Amino acid sequence: MNHAALKPNERELIKLIRFFSKRGAQLGVSGELSAQHAQLSEACQNLEKQLYHHAENRTAIQGKRAQLEKIIEDKAQCPKCQKADLLKKNGVASNAQGWKSNTYRCRRCNTTFTWNRPNNPWDMVAFLESYIAELEQSLLTELPEGMRPHIEAAIPQLQDSLFRLRPVLLQSDEEVEALRQKEEEMDRLIHQFKNYLLIEKIKHF
C-alpha cells in the first residue's frame with residue numbers, strides 16, 4: 001500500500017487506527033478483548049482499507065488528468081524569424097476569450113510572443129468550435145482561387161478532432177467532480193472518526 005499517496009489528515013488517522021489495531025491484538029492475546037474493542041478493531045481495519053482504496057483512486061484520476069492536460073503540443077514558431085529551434089517557453093497568457101496559451105521568447109531574435117493556439121484541450125475545444133465557424137462563414141464569401149477546396153477538406157478533419165476530444169474531456173470532468181465530492185465525504189468521515197478515536201484513547205488508555 002502506497003503511504004505516500006495519503007494526505008496528511010489520512011496519515012494521522014492511519015496512525016490512530018494502527019494504535020487501536022495493535023492494542024486490539026494485544027488484548028486478544030491476553031484474553032481481555034471485549035466485544036466493544038473487537039468491534040472497534042474491525043471498524044478500524046475496514047476504514048484503513050477504505051482510506052488506501054480512496055488514495056489509490058485519487059492518484060489514478062489525478063494522473064489521468066495530468067496526462068490529459070499535456071496532450072496539446074505547441075508547434076510554435078517565432079513570428080519574426082519563422083523558426084522554432086531557439087524558442088524558450090516563459091509563461092502562460094490568457095486572451096480576451098479566457099483561453100490560456102503559452103508565451104515564448106526567441107533567443108535568436110530576442111522576441112517575446114504568445115502562441116496563437118490554446119495550451120490545453122478544454123480551451124482547444126472552444127478554439128476549434130470558433131475556428132470551424134469562421135471557416136464555414138468564409139465559404140459563403142468570395143475566396144482566392146484554390147482556397148475553397150483546402151477549407152472544405154479542413155472542416156471535416158477539425159470536426160473529427162472535436163468529436164474525439166469532447167467525450168474524453170467530459171469523462172475526465174465527471175471523474176474529477178465525483179472525486180471532489182468523495183474527497184469532501186471522506187474528509188468529514190476522517191474528522192469524525194479521528195475525534196472519536198482520540199476520545200476513546202483518552203478514556204481507555
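Is N110 buried or exposed? At 57% relative accessibility, N110 counts as exposed, where exposed means over 50% relative accessible area, buried under 20% and partly exposed in between (1.4 Å probe, protein chains only). Here are some notes to read beside the model.

1. **Ground rules.** This is a predicted model, in which local features need pLDDT of at least 70 and side-chain atom pairs count only at pLDDT 80 or more, while totals for chains, interfaces and linings use all residues. Residues are numbered from 1 along each chain as its sequence is written, and side-chain values use heavy atoms, with hydrogens and water left out.

2. **Strands 1 and 2.** Strand 1 covers residues 87–94 and pairs with strand 2 in the antiparallel sense over 7 bridges. Helices (H or I, at least four residues) and strands (E, at least two) are DSSP runs, numbered from the N terminus, and two strands pair if DSSP finds at least two bridges between them. Strand 2 (residues 100–106) is mostly covered, with 5 of its 7 residues buried.

3. **The hairpin with G98.** The hairpin of strand 1 and strand 2 has 5 residues between the strands. In this hairpin, G98 takes a positive phi near 90°.

4. **Strands 2 and 3.** Strand 2 is also joined to strand 3 (residues 111–114), by 4 bridges, and the two run antiparallel. Y104 stands opposite F113 in strand 3. The hairpin here has 4 residues between the strands, and N110 is found in that loop. N110 is not a glycine, yet its phi is positive, at about 55°.

5. **Q82, another positive phi.** Q82 is not a glycine either, and has a positive phi of about 65°. Its place is the loop between helix 2 and strand 1. With 48% relative accessibility, Q82 counts as partly exposed.

6. **The largest nonpolar core.** A nonpolar core is a set of buried Ala, Val, Leu, Ile, Met, Phe, Trp, Tyr and Cys residues joined through side-chain atoms within 4.5 Å. The largest one has 17 residues, and L13, I17, C44, L51 and L197 have the most contacts inside it. Helix 1 (8–30), helix 2 (35–69) and helix 4 (147–204) are the elements that give two or more residues to this core. Helix 2 supplies the largest share, 6 residues.

7. **C44 and the second core.** Leaving aside neighbours within four places in sequence, C44 is in contact (heavy atoms within 4.5 Å) with I17, F20, S21, F193 and L197. A second, separate core has 15 residues, including I72, L128, I132 and L158.

8. **E183, worth a look.** E183 is found in helix 4 and is buried, with a relative accessible area of 14%. Beyond its neighbours within four places in sequence, E183 is in contact with K7, E10, H54 and R58. The side chains of E183 and K7 are joined by a polar contact of 3.3 Å. Such a contact is a pair of N or O atoms within 3.5 Å; within protein, one must be able to donate a hydrogen and the other to accept it, and residues adjacent in sequence count only if both atoms are side-chain atoms.
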